[in-house]
Amino acid sequence: MSNNGLYIRDTGAGRAVVLIHGWSCPGQFFQNQIDGLQAHARCLVPDLPGHGQTGNRLPLTIEAAAEAVHCALVQRGISDAIVCGWSMGALVAYSMIERFGADRLSAFVAIDMTPKVLNTSTWQNGTLNGLNSELNQVFLDAIVPDWPKLPGRIASRLFADGLPVGQEQKERAAQEIAKADPTLLKPMWASLTAQDFRPLLEDFPVPFHMVAGRRSQLYGHHVHRWHKEHVPDFQMHLFDRSGHAPHLEEAARFNTLLLDLIGQV
């Protein structure tokens, strides 16, 4: 536990790898990475506000999450870190960099994320289902009353479109998501969908690696192309048999990518 109320797993030794989870999917969704990397690196895996063992101890915003992660790095004297943000976790990392700079980072890895989730008439690189401000309000209003139905739907959308998914893996994801409190998730969703980090990414201060599944149900190739055209020092890593969660679906390959980054000076 950090002094600011953020619960954070801290295991292993060596160069720091900070793994920041997505909405409704707390830190244990990175267990494959902890298991595969802790012999080679120091793995720091927070539960963000509204999630897991942090719960309601911190304000339920992207900005509060960013400040809490930054404070955890400062408290531990972390520098030269590889920061990896999955989905919402990428937005938390962007907010941290925007507010506190990137002096403690050496590289960043985004897992299947856009800098702006909501689509508009001039921005069609949000979610593939066309989520805009009006549709987002409908979803926000439904999160709490419809929560019993949502974990299974959320879990199904994590995985590759058109490929068979092990029922055990899908059920395990749904069970973990179902443990969440929707009254805490709702404000976090409102906060993440209010973000727009396009200006930051166009002047991004460290090497940027995008990991994405070719079969993602959330974001498509137009998001990848935007990054290629706008983000400096950018590398794209496509995973053929993955959707929104390559670190779960092709964990060995994903871990190899992180190990390669850990080995770079």
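1. Helices here are DSSP runs of H or I with at least four residues, numbered from the N terminus. The model is predicted. Valine 92 belongs to one of these helices, α3.

2. Is valine 92 buried or exposed? Its relative accessibility is 1%, so valine 92 counts as buried, the cut-off for buried being under 20%. Leaving aside residues up to four places away in sequence, valine 92 touches Ile20, Leu48, Ile62, Ala65, Ala66 and Val69. The C-alpha atom of valine 92 also lies 9.9 Å from that of glutamine 195, although 103 residues separate the two along the chain.

3. Helix α2 covers residues 62–75. With 14 residues at 1.5 Å a residue, α2 should span 20 Å, and the end C-alpha atoms are 20 Å apart, which agrees. After α2 comes glycine 77, which has a positive phi, near 65 degrees.

4. Which residues of α2 are buried? They are Ile62, Ala64, Ala65, Ala66, Ala68, Val69, His70, Ala72 and Leu73. The elements that cover them include β1 (7–11), β2 (16–20), β3 (42–47), α3 (88–100) and α7 (182–192).

5. Strands β6 (residues 208–213) and β7 (residues 234–239) run parallel and are joined by six bridges. Together with helix α9 (residues 221–230), β6 and β7 make a right-handed β-α-β unit.

6. The whole structure contains 14 aromatic pairs. Among them is the edge-to-face pair of phenylalanine 30 and tryptophan 86, with 6.3 Å from centre to centre and 80 degrees between the planes. Phenylalanine 30 is in the loop between β2 and α1 (31–37) and tryptophan 86 is in strand β4 (residues 81–86), so the pair ties together parts 56 residues apart in sequence. Both phenylalanine 30 and tryptophan 86 are buried.

7. Tyrosine 94 and phenylalanine 108 have ring centres 5.4 Å apart and planes at 55 degrees, so this pair is tilted. The pair links helix α3, which holds tyrosine 94, to strand β5 (residues 105–111), which holds phenylalanine 108; the two residues are 14 residues apart. Tyrosine 94 and phenylalanine 108 are both buried. Ring pairs also join Tyr94 and Phe108 into a cluster with Phe197, Phe204, Phe208 and Phe234.

8. Two arginines sit over rings. The charged end of arginine 198 is over the ring of tryptophan 123, 4.6 Å from its centre. Arginine 253 lies over the face of phenylalanine 239, 3.8 Å from the ring centre.

Note on methods. Residues numbered from 1 in each chain as written. Predicted model: local features only at pLDDT ≥ 70, side-chain atom pairs only at ≥ 80, totals over all residues. Heavy atoms only, no water. Expected span 1.5 Å × (residues − 1). Buried < 20%, exposed > 50% of the residue type's maximum accessible area, 1.4 Å probe, protein only. Contact = heavy atoms within 4.5 Å. Pairing = 2+ DSSP bridges. Right-handed = clockwise from strand over helix to strand, strands pointing away. Phe/Tyr/Trp six-rings, centres within 6.5 Å; stacked < 30°, edge-to-face > 60°. Lys NZ or Arg CZ within 6 Å of the ring centre and 35° of its normal.
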